[in-house]
Amino acid sequence: MKYNSTEIRQKYLDFFKSKDHAIIPSAPVVPENDPTVLFNTAWMQPLVPYLLGEKHPSWKRLADSQKCIRTWDIEEVWDNSHLTFFEMLGNWSLWDYFKKESINYSWEFLTWKDWLNLDPRKIAVTVFAWDESAPRDEEAAKIWEDIWMPRERISYLWKEDNWWAAGDTGPCGPDTEIFYWVGESEFPPAWSNVETDEDNWMEIWNNVFMEYNRLPDWTLEKLPAQNVDTGMGLERITATLNWEKTVYNTDLFDYIIEKITESIWVDYDEKSMRSIRIIADHARTMTVMISDWVVPSNVDQGYVLRRLMRRAIREAHKLGYKGLFLSDIASVVIDKLWQAYPHMIDKKKEILEEVVREEKQFGQTLEKGLKEFEKLVKGFEIAFAKSGKKIDTIAWTKAFKLYDTYGFPLEMTEELALERGLKIDKEGFQKAFKEHQEKSRTASAGKFKGWLADDSEETTALHSATHLMLEGLNQVLWGGISQKGSNITPERLRFDFNFDRKVIREELDKVEEYVNNAIANWFTTIMEEMPKDKAMEEWVRWAFWEKYPDVVKVYTMKGADWTIYSRELCGWPHVKDSSEMGRFKIKKEEASSRGVRRIKAVLVKD
């Protein structure tokens with residue numbers, strides 16, 4: 001039996017819907033409120049506020065397929081398991097059911113004939129062993145035994161394997177991981193389990209039981225109620241269930257690989273496999289990123305997107321193709337994924353235009369970089385003619401310029417150098433590259449330090465001011481303005497929004513006036529929960545509708561004369577009324593990236 005990824009995803013959601021779970025949409029790949037990363041890298045990240053106790057507007061039982069991006073091991077992409085984009089199937093219990101129900105649901109979905117119908121004899125599990133602060137998880141082991149699991153198929157592993165925490169402090173707890181037999185024999189030998197034979201067991205599901213709260217002194221206390229969150233990688237489960245060693249041999253990638261070979265006129269064989277797999281992975285990821293409002297740039301998420309696209313283009317060059325092709329690949333990716341993520345089909349034209357624009361731009365840059373390399377080699381030849389001393393090493397500064405200015409990775413420069421009998425000062429390049437990465441990480445941490453830096457009165461007041469400012473921008477600039485990013489500290493707000501030209505001072509003064517009029521009119525803030533469809537019908541302001549659950553929170557700022565100054569979706573703290581604010585002042589307006597402007601503003605206490 002062949003397992004299709006679309007069917008697996010839908011079966012998963014249907015199963016948990018039958019267990020009274022609300023099916024929620026995937027959050028965009030760009031996190032709204034995580035201070036540590038540029039992208040959602042795991043299934044639980046968008047739901048951390050609710051795991052910490054905030055009430056989710058949809059229900060206390062949830063399930064979804066979350067889009068995730070990880071790029072820290074990009075050099076490994078093309079092997080059997082590493083991907084930059086993947087989908088994580090997840091389900092949650094927010095202070096509702098716990099270990100027994102979670103394990104039973106997993107077993108039912110995996111083994112019952114109405115669902116995946118897997119042979120129980122090919123399944124093994126792990127549970128938490130123990131450490132100095134938490135006991136051995138005999139409860140989970142006993143639940144597995146009561147279902148059917150033989151004791152010899154249950155492995156007790158330590159914290160690095162079977163413990164999950166949201167951070168250094170906060171909710172945490174043991175987990176149980178579920179593995180499927182991928183060995184050469186049809187069934188695992190009697191003695192085999194994950195602890196003794198880990199190479200032949202593939203992890204397919206992870207159920208986390210958050211029953212503790214870690215305090216600042218690293219001690220644990222029991223939570224008053226517990227959460228469950230589970231994660232199953234769609235790509236991994238699809239490959240595993242089809243007895244494939246690689247995800248590239250599944251329906252998740254076969255159509256992409258077929259389109260690549262057709263578009264760049266090359267066969268998929270041992271010689272081309274590495275390049276084609278890199279193109280397939282990166283093209284899939286870039287399409288998802290652009291569909292979630294990321295555009296190529298030299299900073300932050302846009303930098304990652306640009307790097308992936310250019311890396312794919314370089315791989316095509318290695319295979320001898322120098323024309324435009326990425327939009328063809330993006331088109332089939334959209335056609336495959338839009339049923340799971342409907343907004344992709346709505347944005348298809350915009351996505352393809354963005355891909356072509358970047359591809360054309362890098363085509364010109366690539367040619368300039370190649371000319372720069374030829375100039376470098378020519379300089380070596382001239383120096384040799386004059387001095388008779390042969391130079392065979394390219395200085396790291398030259399190699400790094402090719403990387404930093406023209407987008408040449410070290411491996412590409414190495415290949416070019418090898419053709420000319422040259423080598424590179426790799427040690428110097430790697431040192432410069434690490435310094436470059438550290439600066440990028442520092443800059444990213446500064447920009448994306450959490451939406452709201454804290455929940456102080458000052459930060460909350462500035463957050464409320466962003467709502468008023470967004471409405472003011474729409475009124476002054478004639479609508480169509482939406483948030484593209486934000487960072488708020490107790491001292492100031494920084495707000496990115498879509499606009500294709502500089503906002504002149506006269507316009508900024510009118511926005512200031514709008515905000516200050518609202519403050520002077522003694523507005524109060526009202527929060528109400530309503531169906532998302534109703535909010536859309538009533539023109540509540542916000543972008544990214546698809547990331548919100550079926551029931552949303554709407555914050556309305558209403559003046560003493562009943563004038564509505566702002567009505568917007570949100571999930572963060574607001575002032576009760578304008579007495580907690582001050583006078584609003586825009587300090588600076590500047591470009592953030594192509595088509596995106598940035599405002600920095602403060603509240604002044606008179």
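Student: Is Lys99 buried or exposed?
Tutor: Lys99 is buried, with a relative accessible area of 3%. Buried means under 20% relative accessible area, exposed means over 50%, and partly exposed lies in between (1.4 Å probe, protein chains only).

Student: What kind of model is this?
Tutor: This is a predicted model, where local features need pLDDT of at least 70 and side-chain atom pairs count only at pLDDT 80 or more, while totals for chains, interfaces and linings use all residues. Residues are numbered from 1 along each chain as its sequence is written, and side-chain values use heavy atoms, with hydrogens and water left out.

Student: Back to Lys99. Which side chain does it meet in a salt bridge?
Tutor: Glu139, at 3.6 Å from N to O. A salt bridge here is a side-chain nitrogen of Lys or Arg within 4 Å of a carboxyl oxygen of Asp or Glu.

Student: How many salt bridges does the structure hold?
Tutor: 40. One of them pairs Arg9 with Glu87 at 3.0 Å, N to O. Arg9 lies in helix H1 (residues 5–18) and Glu87 in strand E3 (residues 85–94), 78 residues apart. Both Arg9 and Glu87 are buried.

Student: New topic. In what order do the three strands of the open sheet come?
Tutor: The order is E14-E15-E16, with antiparallel pairing. Two strands pair if DSSP finds at least two bridges between them.

Student: How many bridges join E14 to E15?
Tutor: Eight, and E15 covers residues 551–558. Glu529 stands opposite Lys553 in E15.

Student: Which helix packs on the sheet?
Tutor: Helix H16 (residues 457–476), which touches E15 and E16 and makes about 110° with the direction of E16. Contact means heavy atoms within 4.5 Å. Axes are lines fitted to C-alpha atoms, for helices over the stretch in contact, and angles run from 0 to 180 degrees between N-to-C directions.

Conventions
Helix = DSSP H or I, 4+ residues; strand = E, 2+ residues; numbered from the N terminus.
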